[in-house]
Amino acid sequence: HIISLSKGHHAYPLSPAITIHEIDISQKKNKLGRYLFLVQETRTLIKQIHPASVLAMISYAASLTALATLVLPIPLLVSERNDPNTSRTFSLPAKKVFFFVHRFLATRAVYQNTSARSYYFKKENPKAVIIPNPLYLQEMPQANAKLQRSGIIMTAGRLTKQKNHQLLINAFFLVHKHFPK
């Protein structure tokens, strides 16, 4: 089962064996009403499905799911794919909520790297595990391969605050300053 906190387009096709539960918040006008409705609907679905455990992806969903699973005898695993140390996506109050969820409400937590984990746990903690994004070395060009160097640096990604293209532009500027050719 997948519980989606929004209704609409799916980024990729899923097996027909997977049941998707979409929560429609379009009728909820204010932010607090949407949050409470999402928590209530998520809790109702979790109680109906009665899973062995719940995996909540990304900070926002993990926080709502943590509230939805409060006092339910179901382990909650949260997965954080962003680094709160460098992310400008969330406000300081939101980060404090995420911190509380990871430290005190989640049964286990998964991070992409040690920097992200260090935001929630300063020292290694058996509750926190790191699973990096996959890197397919066989698809990478060999070091010093006969690549034609154009002097052009390119990035590809969503133009969102989360991707922090400004940091990348500033880094490229510093690299060019020290290595003009």
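1. This is a predicted model.

2. Helix α2 spans residues 59-68 and is mostly covered, with eight of its 10 residues buried. The buried positions are Ser59, Ala61, Ala62, Ser63, Leu64, Thr65, Ala66 and Ala68.

3. Of the covering elements, α1 deserves a separate look.

4. On the α1 side, the contact is made by Tyr35, Leu38, Val39, Thr42, Arg43 and Ile46; on the α2 side, by Tyr60, Leu64, Thr65, Leu67 and Ala68. By class, the residues of this contact are eight nonpolar, two polar and one charged. Leu64, Thr65 and Ala68 are among the buried residues of α2 and also meet α1.

5. On spacing along a helix: residues three or four places apart point the same way, because an α-helix has 3.6 residues a turn. In α1, the residues that meet α2 include Tyr35, Leu38, Thr42 and Ile46.

6. How many cavities of 30 Å³ or more does the structure hold? There is one. The largest cavity has a volume of about 50 Å³.

7. The lining of the largest cavity consists of Ser59, Glu80, Asn82, Asp83, Pro84, Ser87, Phe90, Lys95, Phe98 and Tyr120. These residues divide into four nonpolar, three polar and three charged. Ser59, one of the buried residues of α2, is part of this lining.

How values were computed. Residues are numbered from 1 along each chain as its sequence is written. This is a predicted model: local features need pLDDT of at least 70, side-chain atom pairs count only at pLDDT 80 or more; totals for chains, interfaces and linings use all residues. Side-chain values use heavy atoms; hydrogens and water are left out. On a 1 Å grid over the protein atoms alone, a cavity is a set of points where a 1.4 Å probe fits but cannot get out, and a pocket is an open set with protein on both sides within 12 Å along at least five of seven lines; lining residues have an atom within 4 Å of a point. Grid points are joined across faces, edges and corners, and a volume is the space filled by probe spheres set on the points. Ala, Val, Leu, Ile, Met, Phe, Trp, Tyr, Cys and Pro count as nonpolar, Asp, Glu, Lys and Arg as charged, and the others, Gly among them, as polar. Buried means under 20% relative accessible area, exposed over 50%, partly exposed in between (1.4 Å probe, protein chains only). Helices (H or I, at least four residues) and strands (E, at least two) are DSSP runs, numbered from the N terminus. Contact means heavy atoms within 4.5 Å.
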